[in-house]
Amino acid sequence: RNIPTRVLDSAKAQGEALRLKVRDDGEAVVEIGERSEVVAPLLVQTVASALLRLVRPDPHTVCAVAGNGERELDSQLPEGLQLARLAIERNGIETRRLDLTVADAIPEECTILALVAPRTPLLPDEVRLINEFMTAHGRMLVMTEPGRPNLDLCSGPGKLTTALAMGPDANGADLTREPFLLMPRESGWRG
């Protein structure tokens, strides 16, 4: 499908540039209906990401669970997930840290939970909050590693299923030290 484009000289069409909120040369505006976004630098990836953000009816926020020694989205350490966070945000999904050990509820803006390799078992209130969230929203990424706490309380039979199994890969490399991913078995969550 073709996407209509037009080139605008902001010096000659200052009113239109002001309406589009273009400030600098080299910026582009992606518009879908009444929604628009200024994009810079003008690259395929930045334009494609803007298109994805604009076609989504509601914004998404990944809330990374914290408080049990999970891998951190802001950490630059080798076990940190800063590069993953940057990729998520480049695709129009916001991220935030959520310490469930002190939370009374999961904020409404959290549309996806991420539980990334906790080092200590989840507390009963954390499990309750996760189960309530899954009943209402049903979107969660769970990653664990060998030797980490059992997540059966929030990923037991009928709740999550292993999507990436442990063992040797196609080249014979041992993946037993690599994280694995659990994904919802069904859209409805049974806490």
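**Entry 1: Lys-21 and the ground rules**

I began at Lys-21, which is found in the loop between helix H1 (14-20) and strand E1 (28-32). Helices (H or I, at least four residues) and strands (E, at least two) are DSSP runs, numbered from the N terminus. I note that this is a predicted model, in which local features need pLDDT of at least 70 and side-chain atom pairs count only at pLDDT 80 or more, while totals for chains, interfaces and linings use all residues. Residues are numbered from 1 along each chain as its sequence is written, and side-chain values use heavy atoms, with hydrogens and water left out.

I looked up phi of Lys-21 and found a positive value near 65° in a residue other than glycine. Most residues other than glycine have a negative phi. Lys-21 counts as exposed because its relative accessibility is 60%. The classes are buried (under 20% relative accessible area), exposed (over 50%) and partly exposed in between, with a 1.4 Å probe and protein chains only.

I then turned to Ala-117, in the loop between E5 and H4. Ala-117 is not a glycine either, yet has a positive phi of about 50°. Is Ala-117 buried or exposed? Ala-117 has a relative accessible area of 1% and is therefore buried.

I also recorded a cis peptide bond between Ala-40 and Pro-41, with omega at about -5°. Pro-41 sits in the loop between strand E2 (35-39) and helix H2 (44-55). Most peptide bonds are trans.

**Entry 2: the whole protein**

I counted five helices and eight strands in the secondary structure of the protein. Along the sequence they follow the pattern α-β-β-α-β-α-β-β-α-β-α-β-β. Of the 191 residues, 34% count as buried.

**Entry 3: helix H2**

Which residues of H2 are buried? They are Thr-46, Ser-49, Ala-50 and Leu-54. These residues cover an arc of only 130° around the axis, so they lie on the same side of H2; the arc is that of the directions from the helix axis to the C-beta atoms. The buried residues of H2 pack against E1, E2 and helix H3 (82-90), where contact means heavy atoms within 4.5 Å. On the face turned away from this buried side I found the exposed residues Val-44 and Val-55.

I looked next at the largest nonpolar core, which has 16 residues; Leu-98, Leu-100, Ile-106, Leu-113, Ile-130 and Met-140 touch the most other members. Such a core is a set of buried Ala, Val, Leu, Ile, Met, Phe, Trp, Tyr and Cys residues joined through side-chain atoms within 4.5 Å. Strand E3 (60-66), strand E5 (112-116), helix H4 (124-136) and strand E6 (140-144) each supply at least two of its residues. H4 gives the most, with five. Apart from this core lies another, of eight residues, including Ala-64, Leu-81, Ile-93 and Val-116.

Within H4, I listed Glu-126, Val-127, Leu-129, Ile-130, Asn-131, Phe-133 and Met-134 as buried. Just after H4, Gly-138 takes a positive phi of about 70°.
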